[in-house]
Amino acid sequence: MELFTKPEKNVLKTKLPIIEIATDEVIFTSGSEDRRMFLVLEGSIKIYTQGETKEIEVAVIEQYEFFGEIEMYVDKPRSDNAKAIVDSKLVVIRSPSELERFTLDNPWLSGKMMATMGARQAVTNTLLAKKLANASKSVDNTASIDLKTGELHLTPDSNVKKEAEEERERNKS
């Protein structure tokens with residue numbers, strides 16, 4: 001049994017703007033200051049980052065799924081790009097208060113959003129743990145990430161630091 005069910009056709013209630021996006025139309029780009037979040041009513045949206053020679057797909061957002069929520073709450077530029085894979089219709093949510101009203105009118109969305117954000121966070125945690133482990137191994141350091149800035153910090157592991165100090169003392173003799 002699915003925990004959160006999708007609404008039947010035309011059950012979504014909203015007074016928020018609905019926009020139509022053509023195939024391959026860009027919704028937002030990395031670095032933009034856009035703070036809107038979107039819910040896909042129809043179609044599919046590709047979230048991607050631009051590699052040196054090609055687009056790298058991060059996710060595909062389908063009907064009744066959402067994207068762009070992080071920038072609504074975090075005062076940072078967008079980290080990825082979004083564009084329509086096919087002609088799409090999107091609900092535009094411009095502020096946390098609009099999101100709150102929208103979820104009150106569509107309570108099924110609250111549970112779906114929590115489940116989706118939990119799944120996205122689990123993937124992020126796994127990738128972050130791998131990045132920290134690899135950074136730590138490659139230079140005999142302890143790695144940490146500042147969750148507010150996203151910066152990677154490498155500090156000498158205490159054993160490595162102690163061994164380096166002992167080596168310096170031996171070389172002095």
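## Exposure and the predicted model

A residue counts as exposed when its relative accessible area is over 50%, as buried when that area is under 20%, and as partly exposed in between. The model discussed here is predicted. In it, Asp75 has a relative accessible area of 68% and is therefore exposed, whereas Arg35, with 22%, is partly exposed.

The side chains of Asp75 and Arg35 meet in a salt bridge, with an N to O distance of 2.9 Å. Asp75 belongs to the loop between α1 (69-73) and β7 (81-84), while Arg35 belongs to the loop between β2 (26-28) and β3 (37-42), so that the pair ties together parts lying 40 residues apart in sequence.

## A buried pair and its network

Which residue does the side chain of Arg78 meet in a salt bridge? The partner is Glu71, at 2.9 Å from N to O. Salt bridges with shared partners join Arg78 and Glu71 with Asp34 and Arg36 into one network. Arg78 counts as buried, at 3% relative accessibility, and Glu71 likewise counts as buried, at 11%.

Asp34 is buried, with a relative accessible area of 16%, but Arg36 counts as partly exposed, at 28% relative accessibility.

## The whole structure

In general, side chains of opposite charge can pair when their charged atoms come close.

Conventions: Residues numbered from 1 in each chain as written. Predicted model: local features only at pLDDT ≥ 70, side-chain atom pairs only at ≥ 80, totals over all residues. Heavy atoms only, no water. Buried < 20%, exposed > 50% of the residue type's maximum accessible area, 1.4 Å probe, protein only. Salt bridge = Lys/Arg side-chain N within 4 Å of Asp/Glu carboxyl O. Helix = DSSP H or I, 4+ residues; strand = E, 2+ residues; numbered from the N terminus.
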